[in-house]
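Thanks for making the time. I will talk through one structure, chain by chain, and then stop.

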Amino acid sequence: MRSSKIIKTIAQKLFPFIVLFGFYLISHGHLSPGGGFQGGVVLGTAIILLALSHSIEQTEKKFKSRWLNMLEKLGILTLIFLGFLGIFLGYSFLGNFLPLGKPGQIASGGLMLPFNIAIGIKVAAGISAIFYALIKYRGEI
Amino acid sequence: MSIHIPILIIISPLLAAFLVLLSRKYKIILATASIITSIVFTLTLSSRVLSGDKVTYHLGGWRGPLGISLVVDELSLFFSLIVLGLGLLVIVYSMPERNYGRTYYFLLLISLSSMIGVIYTADIFNMYVFYELLSLAVYLLIAYPKTGVTLRASFNYLIMGGVGLSFFLLGVGFLYAMTGTLDMFHIAERLPAAFNSSMQMVIMSFVLIATGMGIKIAVFPLHGWLPDAHSMAPSPVSALLSGVTVKIGIYCLIRVVYTVFSTEMFLLISSHNILIVLGVVSLLFGASMALAQKDLKRLLAYSTINQLGIVFIGLGIGTELGLTGALFHVLNHAIMKSTLFFCAGIMIAETGTREVKGLSGFGRQQPAIAFSFVIASLGMIGIPPINGFASKWLICLAAVEAGYTFPVVIILIASTIAAAYYFRVIQVLFGGSLKQGAMPAHEREQVIHRGNLFRSWPIYILAAGCLLLGLLPALGISLVKPAVSLLLFHVVP
Amino acid sequence: MNPVNISLLVCMIGLYGVMSKNNLIKKIMGLTIMNGSIVLFFISIGYRKGGLAPILEKGTTGGIPTIIVVDPLPQALMLTAIVIGISVTALALALIVKIYSKYKTLDIQQLSKER
Amino acid sequence: MFKEMKKVFFIIIILVMTILFILSVDIEYGNPKNLDVANYYIDQGLHDTGAINLVASIYLGYRAYDTLMETIVLFVAVAGVIFCLRGKR
């Protein structure tokens with residue numbers, strides 16, 4: 001399957017902006033509409049766009065599915081670890097142990113930013129992993 | 001650390017599930033160790049709970065209606081012990097099978113952990129989230145062999161379960177619109193006022209939640225997914241599904257009926273009669289369908305519908321004796337049905353066929369396993385020295401006491417039908433000689449070699465449990481009693 | 001007809017799709033419609049007349065806000081419900097792909113005939 | 001013939017259920033009752049969790065447990081999709 005040059009070029013040029021937008025959504029989840037899931041899906045679609053416009057093999061060389069699976073597990077283990085840290089520091093599970101900060105700033109909200117980043121990475125990896133699995137399936141032989 | 005025990009019970013299998021995915025070698029050790037940890041934690045909680053003290057844990061420190069809290073009371077303790085105990089046996093039973101890779105143990109641990117999550121949570125939306133997690137893990141466990149039949153069964157279950165959980169969520173939405181909170185105990189406080197102002201909406205939310213759970217429990221008109229799913233899944237998964245997962249639906253129903261909608265409301269809209277009718281119908285339906293089955297595991301699956309009908313009748317009667325009988329039957333059915341499915345797994349592996357006819361002579365080859373099967377199936381029929389009799393007797397007694405004679409007649413008829421189909425299996429087991437199944441000889445050799453102590457010990461333990469609870473029904477009733485008294489004389493904290 | 005009633009109507013349309021369609025993918029579509037209608041239902045029970053999005057202005061220091069804000073709890077719940085819906089749909093589609101490669105059909109009537 | 005009957009039957013069921021639903025629902029649109037918990041979130045959410053996005057303050061603060069479980073649901077789904085479609089059995 002070959003896609004035209006226009007699509008290839010535009011996808012390549014759009015890719016960094018989509019990634020940037022995804023990271024913006026993730027990191028400003030506690031300040032504006034958005035958050036880990038939404039930003040993660042945007043990041044995932046960036047990878048999907050690249051895979052659809054270029055060849056899947058080429059994209060998979062850059063974003064290996066093994067690494068994506070690893071990142072996914074890492075995201076969830078980070079979440080559980082942060083939850084446990086609350087217990088060890090004398091709060092309850094998933095309790096907030098970071099200072100709340102000044103409202104409206106990026107460092108506010110205590111644990112929300114780390115949570116959002118972990119969720120965002122996990123969702124991005126998960127969405128692209130689903131895409132790889134569905135698109136690479138060639139049926140029973 | 002001791003105040004964090006309720007969450008540790010849920011998180012320890014969950015964490016182990018992810019560690020299982022990361023490590024190739026230690027998957028079985030990790031799984032077993034995490035479940036044993038959870039059991040030990042639960043037992044340390046039990047003395048506190050049984051002394052009448054509710055253990056409450058606020059997640060993230062947000063109490064009351066703001067955040068999610070976990071509440072361990074007598075009822076949730078009873079159900080969580082069933083789940084963890086049988087879960088451990090299921091893991092032990094699936095150890096010798098080489099085909100079960102990391103994903104299998106991952107899904108098993110996730111499903112066990114989410115069952116505990118459903119049981120402990122006090123927040124009705126959190127209950128939905130955990131139930132959805134449980135369902136996803138179960139769909140995948142059913143589809144684990146990846147043959148055409150299992151995929152179809154899993155898809156069927158997914159569609160029906162998806163509709164059921166959507167109904168449940170809609171019911172939660174109704175409750176939230178009426179009360180403005182999601183904490184079950186707070187909903188219970190505010191619901192009477194809502195009941196006075198708009199009764200039809202309360203009834204509608206109850207109907208939605210009960211329908212959703214009814215699909216998960218597989219009462220008669222909503223049972224479509226159960227025979228395929230329970231019979232086609234791998235045998236340890238069938239035992240888990242029939243023994244435990246269905247009971248989670250019953251737990252949710254009890255929790256919603258007795259905690260959220262109070263008992264008076266339940267009686268006022270006379271839904272107990274509906275429960276009895278549904279119970280009677282699914283009792284008869286399950287029994288008569290099981291009679292017609294040729295496939296062993298399918299027979300056992302229909303028998304589940306039959307036995308859950310009895311539990312429904314007990315719940316519908318709603319007196320102290322009826323509830324005791326119903327909860328006791330939940331425990332008994334969990335033990336007996338997992339024994340039967342474990343035995344069926346060995347029988348199918350040894351004879352290489354799923355047909356009842358193909359089992360002839362198995363009783364002579366492996367008398368201990370066949371004897372355990374006989375014990376459990378006698379319990380299913382309700383023959384005195386086995387545990388199934390005690391709980392059936394209690395329910396019949398409660399029904400007569402409360403003036404419902406018709407369900408008693410139906411229970412007796414269904415027991416006779418059950419006797420017919422179980423005795424057919426037993427007759428085949430001990431008569432005739434072992435036929436060469438469809439499986440090639442060298443493969444069978446391997447299977448028999450694999451029938452080692454990890455396979456057989458869970459069966460012996462469960463069969464001993466059947467006998468113990470049957471000979472000393474007072475022991476079982478004393479396990480159930482605290483939960484029943486909680487339900488009957490519940491006090492909103 | 002307000003959004004609450006419309007969402008219930010849409011939910012029933014989804015249920016009709018699940019029950020009556022024979023194609024597996026159409027069944028999943030029905031399930032997705034049900035999920036979407038539930039999202040609409042929750043959002044509309046949390047709506048307050050003249051309410052704004054539940055995001056406070058930057059630079060506020062807390063305390064009682066002066067503007068009317070809609071109920072944020074159903075919106076937070078629906079974030080969860082949407083992700084769960086996506087997960088169920090993804091799993092169902094994977095099962096459908098696998099079923100199709102085994103039986104070469106998506107019609108539930110033909111599937112139930114095959115053994 | 002049978003197929004048509006089935007369809008009509010389903011449509012009747014759906015219509016009855018819809019009418020029952022709409023009659024039973026007693027929600028005043030735009031004017032929800034029992035707003036005390038919601039008002040607490042609106043008034044104190046910023047003070048408690050430090051986020052000006054109140055939805056985020058609920059799903060990552062008050063109800064972070066739900067969010068954790070939801071990510072695990074997504075993980076199970078991803079693992080399931082990969083498991084189902086992996087290689088040739």
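Some bookkeeping comes before that. This is a predicted model, in which local features need pLDDT of at least 70, side-chain atom pairs count only at pLDDT 80 or more, and totals for chains, interfaces and linings use all residues. Residues are numbered from 1 along each chain as its sequence is written, while chains are lettered from A and ligands numbered from 1 in the order in which they are written.

Let me start with chain B. Chain B contains 21 helices and two strands; helices (H or I, at least four residues) and strands (E, at least two) are DSSP runs, numbered from the N terminus. Along the principal axes, its C-alpha trace spans about 70 × 55 × 40 Å. For 493 residues, a compact globule would have a radius of gyration near 23 Å, and chain B agrees with that at 22 Å. The radius is taken over C-alpha atoms, and the globule rule is 2.2 Å times the number of residues to the power 0.38.

How much of chain B is buried? Of its 493 residues, 63% count as buried. A residue is buried if 20 or more other C-beta atoms lie within 10 Å of its own, exposed if 12 or fewer, and partly exposed in between, with C-beta atoms placed from the backbone.

As for contacts, two residues are in contact if their C-beta atoms, placed from the backbone, lie within 7 Å. In chain B, looking at contacts with a separation of 6 or more, 80% are between residues 24 or more positions apart.

One residue to look at here is B:Ala218, in the loop between helix H8 (199–217) and helix H9 (226–232) of chain B. B:Ala218 is not a glycine, yet has a positive phi of about 65°. Is B:Ala218 buried or exposed? It is buried, with 25 other C-beta atoms within 10 Å.

Chain B also meets chain A: eleven residues of chain A are in contact with eleven residues of chain B. On the chain A side, seven of these residues are nonpolar, three polar and one charged. In this scheme Ala, Val, Leu, Ile, Met, Phe, Trp, Tyr, Cys and Pro count as nonpolar, Asp, Glu, Lys and Arg as charged, and the others, Gly among them, as polar.

Now chain D. There are four helices and zero strands in chain D, and the pattern along the sequence is α-α-α-α. What radius of gyration does chain D have? The value is 23 Å, but a compact globule of 89 residues would have one near 12 Å. Taken along the principal axes, its C-alpha atoms fill a box of roughly 65 × 55 × 15 Å. Buried residues are 54% of the 89.

Within chain D, the axes of helix H3 (residues 54–62) and helix H4 (residues 64–85) come within 4 Å and cross at roughly 80°. Axes are lines fitted to C-alpha atoms, for helices over the stretch in contact, and angles run from 0 to 180 degrees between N-to-C directions. That makes H3(D) roughly perpendicular to H4(D), a label that covers 65 to 115 degrees. From H3(D) the contact uses D:Tyr59, D:Leu60 and D:Gly61, and from H4(D) it uses D:Ala64, D:Asp66 and D:Thr67.

D:Asn34 sits in the loop between helix H1 (2–24) and helix H2 (36–49) of chain D. D:Asn34 has a positive phi of about 50° and is not a glycine. D:Asn34 is partly exposed, with 16 other C-beta atoms within 10 Å.

Chain D touches chain C, with 37 residues of chain D in contact with 42 residues of chain C. H1, H2, H3 and H4 of chain D each give two or more residues to the chain D side. H4(D) supplies the largest share, ten residues. That side divides into 25 nonpolar, seven polar and five charged residues.

Last, chain C. Its mean pLDDT is 86, and 90% of its residues reach 70 or more; pLDDT is the predictor's confidence in each residue, from 0 to 100.

C:Leu31 lies in helix H2 (residues 24–45) of chain C. C:Leu31 counts as buried, with 23 C-beta neighbours inside 10 Å. Which residues does C:Leu31 contact, leaving aside its neighbours within four places in sequence? They are B:Ile159, B:Gly162, C:Gly14 and C:Val18. The C-alpha atoms of C:Leu31 and C:Gly14 are separated by 6.1 Å, with the two residues 17 apart along the chain.

Key. Angles under 35 degrees count as roughly parallel, over 145 as roughly antiparallel, 65 to 115 as roughly perpendicular and the rest as oblique.
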